[in-house]
Structures are given as structure tokens and as C-alpha cells.
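Welcome! Please take a look at the protein below, and keep the view open while you read the briefing that follows.

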Amino acid sequence: MSMNDEQVPTAECRVCRTDVPAGEFCGLCGCHLTPRRGEGPDWLRIRDYGAAPGENLLQLSLASSLFPHLPPRSRTVFRIGLAVVLVALVAFALLRLPAALVTVAALGFLFLFLLYLRESDAFADIPARTWALTAVLGIGLGVGWVLLTGDAAHFKDNWDNDRVPSINTNAEQTHASHALLAKIVAEKKAALWINHDLPTFDSLKHSPEFYD
Ligand SMILES: [Zn+2]
């Protein structure tokens, strides 16, 4: 064991041969700095787990795997949070409430992750411009994706009346798309399925039934 410039005791890891802060684990590769009985070969180390000294590699633990920097005292709360999100997802799926399902799926884990960043002091380590860039990229890509994938018509009533969905950027092009689609449907004598339209959806065969 030696002392570096900042007076933090360090030790050389017996596996990765790096000088790391002295402690139970190597901060780089996660092995025990002092060998333990029954640990197995150094390349496997199935009884070690750097994120949580009390757990091992083969133990399924969502909280310490998803939130490795969490202080041990907060793990139980995050386990409960994860369980609440999962139960809500299953419940909304069973109740056939897609809007609530999407909201919980999109915001539930995000909310837990923000709490995790706060609890593990990650906010202090990451510069403000990195946060700003991440937020701008996320919002920009999300809005761009919605604009690119905007549907032609969501409901039969909108189709019948040639209405422009509010997320579309160009009304003229939407009307032109509707006209082109209507022409193709007429020419090919095709059936038009508008997937967000509940009467259309209900009138279609669903798995395990199928169309030839
Ligand atoms: Zn190491």
C-alpha cells in the first residue's frame, strides 16, 4: 500500500495491475483486492460484484445493476420504485389503457433515473453544458422523429374529411398525400386500414387468426 499526492491510500490490484484506492474492491476491474477462499479463477470471479460488495455476479439484482452508484441505504427505495413502475405497466396493459402505459413507460424509468443521478451525486460530476447538450439532442431527435413519422390519417372521420393532423408541418402536402392515397386505393380497388381507428381495428382479424 502507498500514499499518492492527495493522501488517498492506494494499492496495486493483483488482477489488472493498476494502482487504485485501497478498499475491499478494485475500483477498475471490480475484483477483491485481497483474495478470498472459494473465489474461483481471477478471470471469472463469480463471487465478486463491484457495484455491491454484498452481492455476487450470479445474483440477479436489478437495483444495483441499473443504479450501480447508489448508496446501499437507498437500494430498497429504488427496488420499490422499480416494482411500482413494473406493476403499473402490467396493470395498464391488462386494462388496455395504452396512453397510461406509454406515459409510465416513457416517464417512470426516466423519473427513477433522475432520482438516481441526484442520489448518487452524478449532477455534481457532469458539466452543465453536457446536460444541456443531452437535453437539446433528446428533444430535437424526439420532435424530428414525430414529424418524420406523422401519419396521413388517424381516424376514418379525418380521412373522409381530408383533415390535416396537428403534428404535420405542411397542410398542402398532407392534402396531396391524401389525394394520392385515395387514387391508389381507387385504382387498385384496395382496402384502406386506418390503424388508430377503433371500428376499423375491431373489424379486422387479430392473431391467431390471419389473412392469406
Ligand atoms: Zn483491478
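The protein chain has eight helices and three strands. Followed along the sequence, these elements come in the order β-β-β-α-α-α-α-α-α-α-α. Keep in mind as you explore that this is a predicted model.

**Overall shape**

- The protein chain has a radius of gyration of 27 Å, whereas a compact globule of 212 residues would have one near 17 Å.
- If you draw a box along the principal axes, the C-alpha atoms of the protein chain fill roughly 80 × 45 × 30 Å.
- Of the 212 residues in the protein chain, 5% count as buried.
- Now take the contacts in the protein chain with a separation of 6 or more: residues 24 or more positions apart account for 22% of them.

**Helix 2 and helix 3, side by side**

- Which way do helix 2 and helix 3 run relative to each other, parallel or antiparallel? The axes of helix 2 (residues 75-94) and helix 3 (residues 98-119) cross at roughly 175 degrees, and angles over 145 degrees count as roughly antiparallel, so that is how these two helices are described.
- On the helix 2 side, the contact is made by Phe78, Gly81, Leu82, Val85, Ala88, Leu89, Phe92 and Ala93.
- On the helix 3 side, the contact is made by Ala100, Leu101, Val104, Ala105, Gly108, Phe109, Leu112 and Tyr116.
- What kinds of residues make up the contact of helix 2 with helix 3? They divide into 14 nonpolar, two polar and no charged.
- Here is a handy rule for looking at such lists: an α-helix has 3.6 residues a turn, so residues three or four places apart point the same way.

- How far apart are the end C-alpha atoms of helix 7? They are 24 Å apart, which agrees with the 24 Å that its 17 residues (171-187) should span at 1.5 Å a residue.
- Helix 7 is hardly covered, since the count of buried residues among its 17 residues is zero.
- After helix 7 comes Lys189, which has a positive phi near 50 degrees.

**Backbone details to look up**

- Arg17 is not a glycine, yet its phi is positive, near 60 degrees. You will find Arg17 in the loop between strand 2 (9-12) and strand 3 (19-21).
- Is Arg17 buried or exposed? Arg17 has 10 other C-beta atoms within 10 Å, and 12 or fewer counts as exposed, so Arg17 is exposed.
- Arg96, not a glycine either, has a positive phi of about 55 degrees. Arg96 sits in the loop between helix 2 and helix 3, and it is exposed, with 8 other C-beta atoms within 10 Å.
- Where is the peptide bond from Ser207 to Pro208 of interest? It is cis, with omega near 10 degrees, and Pro208 is in the segment after helix 8 (198-203).

- Leu44 is in the loop between strand 3 and helix 1 (62-66).
- With 10 other C-beta atoms within 10 Å, Leu44 is exposed.
- Leu44 and Arg118 are 74 residues apart in sequence, and from C-alpha to C-alpha they are 33 Å apart in space.

Note on methods:
Residues numbered from 1 in each chain as written. Predicted model: local features only at pLDDT ≥ 70, side-chain atom pairs only at ≥ 80, totals over all residues. Axes fitted to C-alpha atoms, helices over the stretch in contact; angles between N-to-C directions. Helix = DSSP H or I, 4+ residues; strand = E, 2+ residues; numbered from the N terminus. Parallel < 35°, antiparallel > 145°, perpendicular 65-115°, else oblique. Contact = placed C-beta atoms within 7 Å. Nonpolar A, V, L, I, M, F, W, Y, C, P; charged D, E, K, R; others polar. Buried ≥ 20, exposed ≤ 12 C-beta atoms within 10 Å, placed from the backbone. Rg over C-alpha atoms; globule rule 2.2 N^0.38 Å. Expected span 1.5 Å × (residues − 1).
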